[in-house]
Amino acid sequence: MFLRKLVVILLPLLMAALLCLIFPLMDGIPFWTEVLKGVTLGVALALVLPLCGATKKREPFAGLLWVPLMMLILAVLSQYLAVIGIEVPVLHMLRTGDSNVILVESAFIGFLAVTLIRSRR
């Protein structure tokens, strides 16, 4: 039971981190790079829930998706604060400034928020 809860919380964060590492490496050919990034992001988002085991409309553990959702929101907010010039020492490790990373994090935020609302009890 605990392991399943841990998977629901950590898997979206791990997938987002993996995409954030892969996306900057995909830069190359102008048009096909964006296509490859879009397809990769779509596949990752489609696999988040089945890999977490939250495939039903009313999943009891889907309520735990708020944990990775809040962590990703915190990461995006820390990057925004860096852009406007506000230094927050605790959030320094979350800051990258890469637009690909912000794209991936924001896509996961949207997906997790909709999934959390859709599967609430």
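Keep in mind that the model is predicted.

**Helix α3 and its surroundings**

Let's start with helix α3, which runs over residues 66-84. Its 19 residues reach 27 Å from the first C-alpha to the last, close to the 27 Å expected at 1.5 Å a residue.

Which residues of α3 are buried? They are Val67, Pro68, Leu69, Leu72, Ala75, Ser78 and Gln79. The cover over these buried residues includes α1 (2-22) and α4 (99-118).

**How α3 meets α4**

The axes of α3 and α4 come within 9 Å and cross at roughly 145°. The crossing of α3 past α4 is left-handed. On the α3 side, the residues making the contact include Trp66, Leu69, Leu72 and Ile73; on the α4 side, they include Val101, Ile102, Glu105 and Phe108. Sorted by class, this contact has 14 nonpolar, two polar and one charged residues.

**The nonpolar core**

The largest nonpolar core has 24 residues, and Leu19, Leu72 and Phe108 touch the most other members. Each of α1, α2, α3 and α4 supplies at least two residues of this core, and the largest share, seven residues, comes from α1.

Phe108 is worth a look in your viewer. Leaving aside neighbours within four places in sequence, Phe108 is in contact with Pro12, Met15, Ala16, Leu19, Leu41, Ala44, Leu45, Val48 and Leu72.

Now for Lys37 and Glu105. Lys37 lies in helix α2 (residues 30-52), while Glu105 lies in helix α4. Are they buried or exposed? Lys37 counts as buried because its relative accessible area of 4% is under 20%. Glu105 is buried too, because its value of 8% is also under 20%.

The table sets them side by side, with contacts that leave out residues up to four places away in sequence.

| Residue | Helix | Relative accessible area | Contacts |
|---|---|---|---|
| Lys37 | α2 | 4% | Phe23, Met26, Asp27 and Asn100 |
| Glu105 | α4 | 8% | Cys20, Leu72, Ala75, Val76 and Gln79 |

Glu105 also ties back to the helix pair above: its partners Leu72, Ala75, Val76 and Gln79 are among the α3 residues in the contact with α4. For Lys37, one of the partners is Asp27.

Conventions: Residues numbered from 1 in each chain as written. Predicted model: local features only at pLDDT ≥ 70, side-chain atom pairs only at ≥ 80, totals over all residues. Heavy atoms only, no water. Buried < 20%, exposed > 50% of the residue type's maximum accessible area, 1.4 Å probe, protein only. Contact = heavy atoms within 4.5 Å. Expected span 1.5 Å × (residues − 1). Core = buried A, V, L, I, M, F, W, Y, C linked by side-chain atoms within 4.5 Å. Axes fitted to C-alpha atoms, helices over the stretch in contact; angles between N-to-C directions. Left-handed = near helix turned anticlockwise from the far one by under 90°. Nonpolar A, V, L, I, M, F, W, Y, C, P; charged D, E, K, R; others polar.
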